[in-house]
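Here is my note on the aromatic contacts and the annotated segments. Please read it with the model open.

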Amino acid sequence: DGGVSKQWTEDYKLLDWGDRGLFSEYLEMVIQYGFVTIFVSAFPLAPVFALINNVLEMRLDARKFLVFYRRPVPLRAPNIGVWFHILDVLAKIAVFSNALIIAFSSNFIPRLVYMISVSPDHSDQGFLNHSLAYFNTSDFQYNIRPVNPLFNVSMCRYPEYREPPWAEHKYKRPNIYWRILAARLGFIVVFQNLVSMVMIAVQWCIPDMSPKLRDQIKREAFLTSEMIIKQETLRARGHRGESPVNPVAMMYSDNEMNNSSLRRRRLSNADKGGVGDTRNSGIELDNIHTIV
């Protein structure tokens with residue numbers, strides 16, 4: 001007893017977990033999930049580092065709960081609450097963000113458009129020269145032109161889609177730029193719908209609740225409703241002045257009466273040659289035994 005009392009006293013001196021103890025833990029995981037999913041296309045190694053961090057933090061949190069905090073009072077909860085909706089919103093934002101990053105921050109769409117509509121052999125040969133625009137250094141404005149340049153350069157190249165300086169509308173957007181922009185916007189729409197279809201397929205293939213657990217919950221709900229009905233029946237009998245009966249015994253007595261009536265029906269059907277009725281009665285009897 002002294003050891004238990006001493007342990008209880010030592011535990012009471014620890015930090016109180018409080019009602020909002022899990023808020024910081026959930027917030028940390030949600031922030032990490034948001035950064036990893038929203039910018040995964042910009043930094044593909046982010047999930048690996050997040051996994052390493054979570055493995056280490058899991059052990060550190062276990063030590064924190066056992067050594068530095070009191071034992072929290074357990075409370076039943078059907079799910080994680082509003083955090084599920086926050087994660088769902090972050091997932092939708094991540095799909096749109098990754099589509100924008102792939103479409104506008106990489107050469108995937110311009111290279112694809114070049115291979116389909118510009119290249120004669122549908123290869124990416126010559127794509128680099130096609131993606132660089134020309135600029136005449138003499139077109140620099142006076143206040144922004146280089147002072148004392150080290151090299152005498154009359155023409156320079158830069159990654160952009162612009163008309164060359166010798167064209168009629170120099171430095172304007174060519175038609176290929178608008179075609180690439182339309183392809184980028186179309187890619188965003190296709191990417192979002194494709195990922196949404198994959199998410200729906202995964203949710204359909206992996207249900208939130210297994211069929212076995214769903215049947216068990218239905219069975220418990222059925223037994224609970226039966227107990228409530230029997231209890232209400234006993235309460236009504238008590239108001240009428242009848243002798244009270246145990247609800248569990250009443251359930252078993254009713255089931256025994258049903259079983260005996262089914263047995264008599266099976267015997268009568270067997271005497272009459274009713275094979276089909278006997279089989280059905282046996283199935284009903286097995287179902288009643290299963291419910292009990």
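The points below cover ground rules, ring pairs, charges over rings and the record's segments.

1. This is a predicted model: local features need pLDDT of at least 70, side-chain atom pairs count only at pLDDT 80 or more, and totals for chains, interfaces and linings use all residues. Numbering starts from 1 along each chain as its sequence is written, and side-chain values use heavy atoms, without hydrogens and water.

2. The structure holds 13 aromatic pairs. Rings of Phe, Tyr and Trp (its six-membered ring) pair if their centres lie within 6.5 Å; planes under 30 degrees apart are stacked, over 60 edge-to-face, the rest tilted. Phe135 and Phe140 are edge-to-face, because their planes stand at 65 degrees, with ring centres 4.9 Å apart. Phe135 is buried at 16% relative accessibility; Phe140 is partly exposed at 26%. (Buried is under 20% relative accessible area, exposed over 50%, partly exposed in between, with a 1.4 Å probe and protein chains only.)

3. Tyr177 and Trp178 also pair edge-to-face: centres 5.0 Å apart, planes at 80 degrees. Trp178 is partly exposed, at 48%. Arg173 lies over the face of Tyr177, 4.1 Å from the ring centre.

4. The charged end of Arg157 sits over the ring of Tyr134, 3.8 Å from its centre. The criterion: NZ of Lys or CZ of Arg within 6 Å of the ring centre and within 35 degrees of the ring normal.

5. Ring pairs also link Trp17, Phe65 and Tyr69 into a cluster.

6. The unreviewed UniProt entry lists residues 30-56 and 176-206 as "transmembrane region"; such annotations may be inferred rather than shown by experiment. Residues 30-56 are 74% helix and 0% strand, with end C-alpha atoms 17 Å apart. Residues 176-206 are 97% helix and 0% strand, with end C-alpha atoms 44 Å apart. Helices (H or I, at least four residues) and strands (E, at least two) are DSSP runs.
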